[in-house]
Amino acid sequence: MMWKKICFQASLLLAIWLIAAANGPDAYAAVNGVFASWFGQLIMFLWSFALFYHLCNGIRHLVWDVGIGLDLETARMTGYVAIGVAAALTLFVWIWAFIA
């Protein structure tokens, strides 16, 4: 449940960023300065992990809807796989973003 809260709060920050961009260069510069700080980058990193984790668990639940992987051992293993894939996707996107 913690990841859903992080996604929600970071989505509010994204909305604030978009509203600031619509309000002009001064408002955008102020908000972008906060997001460019180490704390803003940390929040965005955690948000991207939460977003990818939510995506991976959504795919996992779709597979469950078909009736595959419902036993306890497989469900636990796919949970760990979802965390690993979310971490890998997060790192890939952030490395790609810093290189580009």
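Q: Is Phe98 buried or exposed?
A: In this predicted model, Phe98 lies in helix H4 (residues 72-99). Residues over 50% relative accessible area count as exposed. Phe98 has a relative accessible area of 63%, so the residue is exposed.

Q: How many aromatic pairs does a search of the whole structure find?
A: Rings of Phe, Tyr and Trp pair if their centres lie within 6.5 Å. Applied to the whole structure, the search gives a total of five.

Q: Is the aromatic pair of Phe49 and Tyr53 stacked or edge-to-face?
A: The ring centres of Phe49 and Tyr53 are 6.2 Å apart, with 15° between the planes. Planes under 30 degrees apart count as stacked, and those over 60 as edge-to-face. The pair of Phe49 and Tyr53 is therefore stacked.

Q: What separates Phe49 and Tyr53 along helix H3?
A: Both residues belong to helix H3 (residues 38-66). Phe49 counts as buried at 13% relative accessibility, and Tyr53 counts as buried at 19%. Because Phe49 and Tyr53 are four residues apart in the helix, their separation is about one helical turn.

Q: Which term describes the pair formed by the rings of Trp94 and Phe98?
A: The ring centres of Trp94 and Phe98 are 5.8 Å apart, and their planes meet at 45°. Planes under 30 degrees apart count as stacked, over 60 as edge-to-face and the rest as tilted. With planes at 45°, the pair is therefore tilted.

Q: Where is Ile68 placed?
A: Ile68 belongs to a nonpolar surface patch with Leu55, Ile59, Val63 and Val66, and together these residues have about 460 Å² of accessible area. Ile68 is exposed, with a relative accessible area of 52%. Its place is in the loop between H3 and H4.

Q: Which residues is Ala20 in contact with, leaving aside its neighbours within four places in sequence?
A: Ala20 is in helix H1 (residues 2-23) and counts as buried at 4% relative accessibility. Ala20 and Leu55 are 28 Å apart, C-alpha to C-alpha. With those sequence neighbours left aside, the contacts of Ala20 are Ala27, Tyr28 and Val31.

Note on methods: Residues numbered from 1 in each chain as written. Predicted model: local features only at pLDDT ≥ 70, side-chain atom pairs only at ≥ 80, totals over all residues. Heavy atoms only, no water. Phe/Tyr/Trp six-rings, centres within 6.5 Å; stacked < 30°, edge-to-face > 60°. Helix = DSSP H or I, 4+ residues; strand = E, 2+ residues; numbered from the N terminus. Buried < 20%, exposed > 50% of the residue type's maximum accessible area, 1.4 Å probe, protein only. Patch = residues over 30% accessible without salt bridge, like charges linked within 9 Å, V, L, I, M, F, W, Y side chains within 5 Å. Areas by Shrake-Rupley, 256 points an atom, 1.4 Å probe, with all protein chains shown as cover. Salt bridge = Lys/Arg side-chain N within 4 Å of Asp/Glu carboxyl O. Contact = heavy atoms within 4.5 Å.
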